[in-house]
Structures are given as structure tokens and as C-alpha cells.
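User: Please look closely at one part of this model, the packing of its secondary structure. One connected account will do.

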Amino acid sequence: MNPSVLDNTPWWLPDVTVAGAGGGVLVQRCDPFGYESEMTGLEGGFYGPAHLGEHMWHCTARADARYRMTCRCGHKGHGTWMCNGHAYMFARRMANICPPCVHPPREIEIQAQMEATRNQAYTMPTLANLDAAHTRLWDLQRELNELVDRGIVHRCPITLQEIS
Ligand SMILES: [Zn+2]
Ligand SMILES: [Zn+2]
Ligand SMILES: [Zn+2]
């Protein structure tokens, strides 16, 4: 096995079935991090591998139920198999904010434009260029503030729903 794959099985929590994967019985494995990679497609890596550190995490417990993560604005995950332990952890992690809500497309665009403006100014740091960059960055910042004021950029909590 790849040595950088770390075990994240929450075996100390109740109702987590770690045994029973052998014997030729097909069991659905818990895959909590599959959800996070799913979200990566929606938004530039907020929940990507960097978020989890340099290691691959996996859970060896049996999945007990399938969950869908939704936010108030109707963003949905595709459905993730999870053990009771990981479902518990996700429900507790109040910091679960919907990435597409806090980073809508226009916000990602503005961040990219700010980055490009800064890089341009650094490659040719004449006074005129720096001055222009300064004005441009303030315009972009104002637009960002407006997105927040209008509630387009907002923090939406993710809720777990069991799929029956
Ligand atoms: Zn939202
Ligand atoms: Zn698990
Ligand atoms: Zn959302």
C-alpha cells in the first residue's frame, strides 16, 4: 500500500462497523473524502487535496448510509457513502460552508483579475504602472465588497441529508 495513505477510520465512535470487509462479502465502504473531491469540480480547490494535507486519507469502516450535502441555495453533492462516525463528524463540523456560495463565479473572476493586475505591476514596476494597478485593484475591491453587501457572496452552512 502507498505509505502516504493514512487511516482516518473513526473507530472510537459508536456504531462504526470496521470488521466484516473480508469473507468475499461485498460491502459498501465509507468514502467521506470522495465528497470533498466532488466539490473541487465546483470551485477552485477549496476542498481539494491541499485542504486535507499532503496525505491521502481513507476510512476502512463499512458505510452505513448514503448522504447528500445541500445548502440553503440548493447546491447539492451527488451523494456520499459514509459510516456513522464520519456522518457524525460532518454534522458536528459547523465550519462546513458551501464553497459555491462563498465563491460564486464572479468572485473567482475578480480574484483572478486582482492576481493578474498585481503580477503585471510587479513585472514592470514603473510609477505609472503601479499607479494604474492601484486604481484597478481598488475598483475590483469595491466590486468584491458589493458582492458581499448584496449577499451574492455569503456563507451558507451545508446540511447532511440521508438518502433512503
Ligand atoms: Zn447559499
Ligand atoms: Zn468513515
Ligand atoms: Zn450553496
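Analyst: Axes here are lines fitted to C-alpha atoms, for helices over the stretch in contact, and angles run from 0 to 180 degrees between N-to-C directions. The model is predicted.

On that basis, helix H5, residues 105-123, packs with helix H6, residues 127-149, at an angle of about 165°, and their axes lie 10 Å apart. H5 is therefore roughly antiparallel to H6. Their crossing is left-handed. On the H5 side, the residues that meet H6 are Arg106, Glu107, Ile110, Gln113, Met114, Thr117, Arg118, Gln120 and Ala121. H6 contributes Asn129, Leu130, Ala133, Arg136, Leu137, Leu140, Glu143, Leu144 and Leu147. Sorted by class, the contact of H5 with H6 has 9 nonpolar, 4 polar and 5 charged residues.

The sheet comes next. It is open and has 3 strands, in the order S4-S3-S5, with antiparallel pairing. Strands S4 (80-82) and S5 (159-163) are at the edges and each has a single partner strand, so one side of each lacks a neighbour in the sheet. On average, and with direction ignored, neighbouring strands of this sheet are turned by 45° against each other. Strand S3, residues 65-70, is joined to S4 by 3 bridges, and the two run antiparallel. Tyr67 has Thr80 in S4 as its bridge partner. Helix H3, residues 84-92, packs on this sheet and touches S3, S4 and S5. The direction of H3 makes about 150° with that of S5.

Key:
Residues are numbered from 1 along each chain as its sequence is written. Chains are lettered from A and ligands numbered from 1 in the order in which they are written. This is a predicted model: local features need pLDDT of at least 70, side-chain atom pairs count only at pLDDT 80 or more; totals for chains, interfaces and linings use all residues. Two strands pair if DSSP finds at least two bridges between them. Helices (H or I, at least four residues) and strands (E, at least two) are DSSP runs, numbered from the N terminus. Two residues are in contact if their C-beta atoms, placed from the backbone, lie within 7 Å. Angles under 35 degrees count as roughly parallel, over 145 as roughly antiparallel, 65 to 115 as roughly perpendicular and the rest as oblique. A crossing is left-handed if the near helix is turned anticlockwise from the far one by less than a right angle, and right-handed if clockwise. Ala, Val, Leu, Ile, Met, Phe, Trp, Tyr, Cys and Pro count as nonpolar, Asp, Glu, Lys and Arg as charged, and the others, Gly among them, as polar.
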